[in-house]
Amino acid sequence: MPSANASDAKPIETAHEDMIHDAQLDYYGKRLATCSSDRTVKVFDVVEGDAQQPSGQTLKGHTGPVWQVAWAHPKFGSILASCSYDGKVIIWKEQQPGGWAKIKEHSLHVASVNSVSWAPHELGAILACASSDGKISVLTFKNDGQWGADIFIGHAIGCNAVSWAPAIQPGSLIAPQPTETLPGQHPPVVHTVKRFASAGCDNLVKIWGYREDSQSWVEEEVLDGHTDWVRDVAWAPNIGLPRSYIATASQDKTVLIWTKDTPTSPWVKTALDPSASAGSGTAAAAGKFPDVVWRVSWSLAGNILAVSCGDGKVTLWKENLKGTWECVSDMTS
C-alpha cells in the first residue's frame, strides 16, 4: 500500500492562536478558509499550492470556537459560511477584493452549531446546519434578497453533521431520454431533488427530503448501523448513475459505506476493514479503526473516500472491481 509522507505536504502558517478545526479550499482551489478555537475564520490566497502569507484576511464575529467553514458555489459570489459553539451561523461575502462583510447572522439554534453544508448549486443558495440542540435548520436565499429558515428536530441529544445528496436523480444518466425536441419547443426539464443526510448523537443517520406540496422537510429513511455517536456523514457525488453511496464515521471506531442500487432499493451497509490492508500495522479488531473516526470526505468524482482518524492518520479508500473496499494510501500528519 503506497504511503504518503507529511514531507510531501507544505505546511501553512495560519497565525491562528488555538486549535484549527476545519480547512476548506474554494471551488477553484485558489483560496483556503480555516477556522479555529480562537473564534476567528481566516481566508488565504493559494498560488501553486502555497498559501500567500500576507494575503490572509481574518473574519471576526463569533464568540466561541468555530467548528466548520463552507464555501458557496462561485455563481453566487465569494460567499463563505461558518458555524460555532456560540450557536450562530454567519454568512460572509467578499464585497471587494480583501473586504469581507457579514451578510447574514443565523441564531435560531440554542446550542453549538456543529456543521454547515451548501446544497448543490442547481438547487439555489441553500445552507443546511446541524446543532447540538438536536435541531437541523435550512436557510434559503430568496429572490427578494431575504433569507428564509426552516428549523425542525433531527436527532435526540444532538446533531453532528449534514451532507447533501447530488441534485441529479440517481439513474437519470442512463434513463431513456424523451424524443428529440422540435424547433421552438423547450428542452426536457431535468428533475432535481432536495435531499440531505444528517448524523446524530442517537447513533443514527437520517435522510431528509423536501416535499414541495407541503413546503416542508420530512424524514424519508433512517440508517441504523453504528453503536455510538455518528461524527460525520458524506454523500458521494453522482453524475446520474443508478447507485448512491453514503459514508458515515463514528465514535465507535468504524466507517460504514451505505449503498443503494436503485431509487427503490434498500440501503445496504459495508464496514471498511483497516485490518485487511497489507502492512497496515494496526492492532485494531477487524472492521475497526485504531481510534475514533472524525471525518469522511469523497473525491470530486465520488470514487475515492478519505477517512480522518483520531490517531492522526488520513487513509484513502477505493472500491475494487469485486465490490470490496481497499485502502489505497495512508498519510500520517
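**Strand pairing, salt bridges and a surface patch**

In E14, Ser137 finds its bridge partner in Ile151, while Ile136 sits opposite Phe152. The strand labels (E, at least two residues) are DSSP runs numbered from the N terminus. This is a predicted model, where local features need pLDDT of at least 70 and side-chain atom pairs count only at pLDDT 80 or more, while totals for chains, interfaces and linings use all residues. Residues are numbered from 1 along each chain as its sequence is written, and side-chain values use heavy atoms, with hydrogens and water left out.

Strands of a sheet pair through backbone hydrogen bonds, either parallel or antiparallel.

Lys135 lies in strand E13 (residues 135-141). Its C-alpha is 5.0 Å from that of Gly154, although 19 residues separate them in sequence. Leaving aside neighbours within four places in sequence, the contacts of Lys135 (heavy atoms within 4.5 Å) include His109, Cys129 and Phe152. With a relative accessible area of 34%, Lys135 is partly exposed, the label for values between buried (under 20%) and exposed (over 50%), using a 1.4 Å probe and protein chains only.

Side chains of opposite charge can pair when their charged atoms come close. A search of the whole structure turns up twelve salt bridges, each a side-chain nitrogen of Lys or Arg within 4 Å of a carboxyl oxygen of Asp or Glu. One of them joins Asp22 and Arg295 (3.6 Å, N to O). This pair ties together distant parts of the chain, 273 residues apart, with Asp22 in strand E2 and Arg295 in strand E23. Asp22 is buried because its relative accessible area is 6%, whereas Arg295, at 29%, is partly exposed. Asp22 and Arg295 also belong to a salt-bridge network with Asp232.

Finally, Leu173, Ile174, Ile239 and Leu241 make a nonpolar surface patch of about 410 Å². Patch residues have over 30% relative accessible area and no salt bridge; like charges are joined within 9 Å, and nonpolar side chains (Val, Leu, Ile, Met, Phe, Trp, Tyr) within 5 Å. Accessible areas come from the Shrake-Rupley method with a 1.4 Å probe, and for residues only the protein chains shown count as cover. Ile239 counts as exposed because its relative accessibility is 61%.

Note on methods. Helices (H or I, at least four residues) and strands (E, at least two) are DSSP runs, numbered from the N terminus. Two strands pair if DSSP finds at least two bridges between them.
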